[in-house]
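Open the structure in your viewer and keep the selection tool ready. The stops below follow one another.

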Amino acid sequence: MLISLKEALAYGEKNNCGIAAINTPTLELLLATIKVAEKHGVPMILQHAEVHDPVVSIDDIGPAMLELAKRSSAPLVVHVDHGESIDFVRRGFEIGFNSAMFDGSRLPFEDNLAQTKEVVELANEYGHGVEGELGVMPGREDGVDSAEGVGDTSLYTDPDQAAEFVAETGVTALACSFGTVHGLYKAEPKINYDLISTLRERAGVPIVMHGGSGLSPAEYRECINRGVQKINYYTYADKAALEAVKQLLVDEPSTYVMAPVTVAARNAVQNNVDELVQCLYEGQVA
Ligand SMILES: [Zn+2]
């Protein structure tokens with residue numbers, strides 16, 4: 001069933017969980033993610049990032065995400081991830097996505113604020129929630145250039161700006177930079193936990209973690225304790241799929257059709273996301 005971003009975040013706050021938000025640009029990722037949500041009956045977020053549009057267009061995968069979410073027994077949000085223009089967010093809403101992130105983090109503060117405000121006004125017409133972003137998170141969802149900017153604290157979100165940004169725009173949640181990096185970690189992540197606490201308090205809305213791949217369970221839990229209620233996750237799930245496929249081709253070199261490959265990939269994603277869910281929803285899942 002479809003639930004709103006607000007409802008998912010409220011569940012996270014009430015139960016001290018991080019809501020898993022998984023990018024699903026392939027059917028393997030999409031089906032496996034839904035299967036895990038159904039197995040545990042917990043709210044999760046299916047999301048499509050603009051940067052993944054060359055992999056699969058939102059016009060093609062979007063209706064599949066929505067249809068599968070609606071008929072699922074699990075409570076799911078279908079979310080536009082890293083919309084870089086208001087047009088992309090609008091496209092998502094027209095397809096039926098019921099939540100969106102607008103990423104104006106690389107714009108000057110005033111422009112980010114103005115454009116995010118516009119996106120919130122658009123979302124209000126539909127009654128949908130919006131995630132904004134403030135502070136620069138190195139790397140992108142596609143995992144390219146993730147070493148750049150690691151450990152650069154000047155990129156971290158400023159709490160005063162966060163308070164102003166949320167008050168002015170009316171976003172439902174705020175993606176912040178506090179030490180995580182998109183893609184594969186090429187250096188040890190250094191998370192500033194006190195900054196998360198301050199940001200949560202000053203912003204007054206749940207904090208979103210991007211670059212959620214590759215943290216230890218203890219690191220995830222501490223981020224959640226400090227006020228992170230949505231955790232974006234993609235790279236390691238997709239990496240698990242690829243590794244399973246490579247192994248399959250070694251074990252069974254005579255494989256001559258695609259079908260066993262897609263099943264292996266799906267199963268690997270399922271195991272990977274299940275492990276993540278065990279950590280993020282600790283106390284809520286068996
Ligand atoms: Zn991101």
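Start at Glu13, which is partly exposed at 40% relative accessibility (buried means under 20% relative accessible area, exposed over 50%, partly exposed in between; 1.4 Å probe, protein chains only). This is a predicted model: local features need pLDDT of at least 70, side-chain atom pairs count only at pLDDT 80 or more, and totals for chains, interfaces and linings use all residues. Residues are numbered from 1 along each chain as its sequence is written, and side-chain values use heavy atoms, with hydrogens and water left out.

Arg200 sits in helix α7 (residues 193-203) and Glu13 in helix α1, so the pair ties together parts 187 residues apart in sequence. Helices (H or I, at least four residues) and strands (E, at least two) are DSSP runs, numbered from the N terminus.

Next, select Arg202 and Asp160. Their closest N and O atoms are 2.7 Å apart in a salt bridge. Arg202 is in helix α7 and Asp160 in helix α6 (residues 159-169).

Then pick Asp194 and Arg226, a salt bridge at 2.9 Å, N to O. Asp194 belongs to helix α7, Arg226 to helix α8 (residues 217-226). Asp194 is exposed at 52%; Arg226 is partly exposed at 24%.

How many salt bridges does a search of the whole structure find? The search finds 12.

Last, go to His82 in strand β3 (residues 76-83). His82 has a positive phi of about 45 degrees, though not a glycine. His82 is buried, at 6%.

Key. Salt bridge = Lys/Arg side-chain N within 4 Å of Asp/Glu carboxyl O.
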